[in-house]
Amino acid sequence: MVSQMSHIPHENQSDDALPVAVPIATKPRGFVKGVMAMQRNALFVLPRIAFTQPIVSGQVVRRFHMVMDPPSLRRVLKDAAADYPKSEESQAMLRPALGNGLFLADGAHWRWQRRAAMPVFAPRNLTALTPVMTEAAEAAASRLVGRTGPVDLYQEMLRTAFEVIAAVSMSSDTAIPRDVAHRAIDRYLTTAGRASVLDILQVPRFVPRPARLLGAALIADLKRAADRAIEARRAATRTDPKPLLDLLIEASDPETGREMTNEELRDNLLSFLVAGHETTALALSWSLYLCAFDPAVQERAREEARAALGARAAGAEDVPRLTYVRQIIDEAMRLYPPAAMVSRTATAPDRLRDREIKSGDLVLLPFYALHRNACVWDRPDAFDPDRFAPERAENINRFAYLPFGAGPRVCLGMGFALQEAVIVLATLLARFRFRAIPGRDPEPVMILSLRPYGGVWLDVEPL
Ligand code: HEM
């Protein structure tokens with residue numbers, strides 16, 4: 001367990017050349033202090049050796065393994081995925097809001113929900129959904145024009161990503177009011193995320209989780225809002241492209257022919273809003289932070305964006321030409337993976353490298369530590385979008401870079417999120433210059449997702 005915090009750059013890197021990182025433990029501290037630190041930032045669970053070794057094993061109440069080794073990650077996420085279901089800890093954390101929707105379901109129930117939602121994310125449909133993203137990028141740009149003084153780009157990106165996912169899920173005429181959903185999801189994720197630390201440590205259930213009790217009222221509000229959106233969608237005339245909710249309403253289980261109940265529809269709708277909203281906003285916020293951190297990178301991306309777009313906002317046809325903008329997003333998600341750690345429970349004995357895995361062991365997949373692991377990456381803490389230049393990206397092991405996970409449970413919204421992030425970032429870079437404000441760097445804090453605590457405050461200069 002974790003400890004004494006100080007910012008430790010990895011060997012051979014000077015501190016001033018590096019963007020912000022999670023302070024890593026240098027010496028062990030007691031159980032109580034460790035729990036308190038993890039309540040604040042779940043990544044404080046990572047010991048320093050997680051950044052230099054392939055697997056770290058130990059026992060805190062229960063046996064655990066942190067896996068940063070690409071072949072072992074391939075085994076857990078893909079080859080032996082059936083023996084490594086999502087852990088009870090992640091289930092306990094998210095089930096109150098997401099029920100048995102796609103994100104948490106298992107087996108046949110998961111399969112048909114995934115099949116039902118898949119057409120929305122098929123490449124042909126993605127192109128049809130792009131105008132919503134272009135519109136949201138244009139709206140973000142208009143909000144920024146007129147702003148004077150520092151702007152919190154994290155809040156701006158949350159709003160932008162929510163507009164996109166709400167329109168794609170429900171269509172704009174039946175949307176849940178943005179403020180209701182946004183506030184409820186944000187408070188819920190924060191409170192559920194904090195309570196989860198007690199679950200990860202397997203503190204017995206009779207110890208109250210005050211944060212989770214607080215979350216109950218918010219969840220009730222959110223569920224009521226989702227139910228209203230489902231009713232409205234059932235009554236609405238059909239549109240093209242179909243919003244996600246229509247596809248789910250029309251879907252039937254190939255094995256039983258049964259359609260989704262209102263409760264299942266609601267679980268899935270909320271799963272999409274939660275999974276698709278903050279994650280994309282985080283990829284964008286960290287990308288903007290990094291562009292301000294390295295003005296030369298920002299300038300190069302701006303030239304590319306302006307050459308491709310002129311005065312227009314980006315659309316689907318521009319995405320293939322915005323390769324450097326995409327590299328910045330890839331590198332931002334390496335340094336700050338929005339889903340910085342996921343977990344599984346081993347349900348069968350196995351071996352990962354030299355480690356014996358017993359049934360019941362907790363298997364942590366800390367993508368944050370994988371993406372900064374010295375066995376896997378050169379200059380792991382440095383910001384260098386050229387790692388993802390097409391000719392170099394080919395050599396990156398598929399299981400060394402996992403912002404979207406991998407295997408059968410790989411993120412369903414991966415193509416969607418990347419398309420949205422490129423469109424929004426290119427549109428903003430073509431029109432504004434972003435400057436860092438000394439002393440206002442965000443702090444990377446993981447509470448379910450890896451957030452820029454304190455906000456991404458930047459000076460925004462229209463061009
Ligand atoms: C940058 C943005 C995003 C990131 C980094 C991200 C990351 C992830 C990761 C790591 C997983 C796998 C979790 C695990 O294996 O335990 C996942 C699953 C999932 N994501 Fe995303 N996601 C993003 C955006 C989206 C969007 C936009 C949507 C929907 C519109 C979405 C929908 C889902 C769903 C439904 C799953 C569950 C898939 C399943 O279990 O079959 N995600 N995401």
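Colleague: What percentage of the residues in the protein is buried?
Modeller: The model is a predicted one. A residue counts as buried if 20 or more other C-beta atoms lie within 10 Å of its own. Of the 463 residues in the protein, the buried share is 49%.

Colleague: Among contacts between residues at least 6 apart in sequence, what percentage joins residues at least 24 apart?
Modeller: The secondary structure of the protein consists of 15 helices and 13 strands. Taking the contacts between residues at least 6 apart in sequence, the part that joins residues at least 24 apart is 74%.

Colleague: Which residues of helix H4 are buried, and on which side of H4 do they lie?
Modeller: Helix H4 covers residues 107-117, and its buried residues are Trp112, Gln113, Ala116 and Ala117. They span an arc of only 135° around the axis, so they lie on the same side of H4. Exposed residues on the other side of H4 are Gly107, Ala108 and Arg115. The buried ones, then, are Trp112, Gln113, Ala116 and Ala117, on the same side of H4.

Colleague: Against which helices do the buried residues of H4 pack?
Modeller: The buried residues in question include Trp112 and Gln113. Their packing partners are helix H9 (244-250) and helix H10 (262-293).

Colleague: Are H5 and H6 roughly parallel or roughly antiparallel to each other?
Modeller: Helix H5 (residues 123-144) and helix H6 (residues 153-170) have axes that come within 9 Å and cross at roughly 155°. The crossing in which H5 passes H6 is right-handed. Angles over 145 degrees count as roughly antiparallel. H5 and H6 are therefore roughly antiparallel.

Colleague: How many residues of the contact of H5 with H6 are nonpolar?
Modeller: From H5, the residues are Leu129, Val132, Met133, Ala136, Ala139, Ala140 and Arg143, and they meet Glu156, Thr160, Glu163, Val164, Ala167 and Val168 in H6. Among the residues of this contact, one is polar, three are charged and the nonpolar ones number nine.

Colleague: Why are H11 and H15 described as roughly perpendicular, and at what angle do they pack?
Modeller: Angles of 65 to 115 degrees count as roughly perpendicular. Helix H11 (residues 295-309) and helix H15 (residues 414-431) have axes 8 Å apart. H11 and H15 are roughly perpendicular because of their packing angle, which is about 100°.

Colleague: Which residues of H15 make the contact with H11?
Modeller: On the H11 side, the contact involves Gln298, Ala301, Arg302, Ala305, Arg306 and Leu309. The residues of the contact of H11 with H15 comprise six nonpolar, one polar and two charged. From H15 come Ala426, Leu429 and Ala430.

Terms used:
Residues are numbered from 1 along each chain as its sequence is written. This is a predicted model: local features need pLDDT of at least 70, side-chain atom pairs count only at pLDDT 80 or more; totals for chains, interfaces and linings use all residues. Axes are lines fitted to C-alpha atoms, for helices over the stretch in contact, and angles run from 0 to 180 degrees between N-to-C directions. Helices (H or I, at least four residues) and strands (E, at least two) are DSSP runs, numbered from the N terminus. Angles under 35 degrees count as roughly parallel, over 145 as roughly antiparallel, 65 to 115 as roughly perpendicular and the rest as oblique. A crossing is left-handed if the near helix is turned anticlockwise from the far one by less than a right angle, and right-handed if clockwise. Two residues are in contact if their C-beta atoms, placed from the backbone, lie within 7 Å. Ala, Val, Leu, Ile, Met, Phe, Trp, Tyr, Cys and Pro count as nonpolar, Asp, Glu, Lys and Arg as charged, and the others, Gly among them, as polar. A residue is buried if 20 or more other C-beta atoms lie within 10 Å of its own, exposed if 12 or fewer, and partly exposed in between; C-beta atoms are placed from the backbone. The arc is that of the directions from the helix axis to the C-beta atoms.
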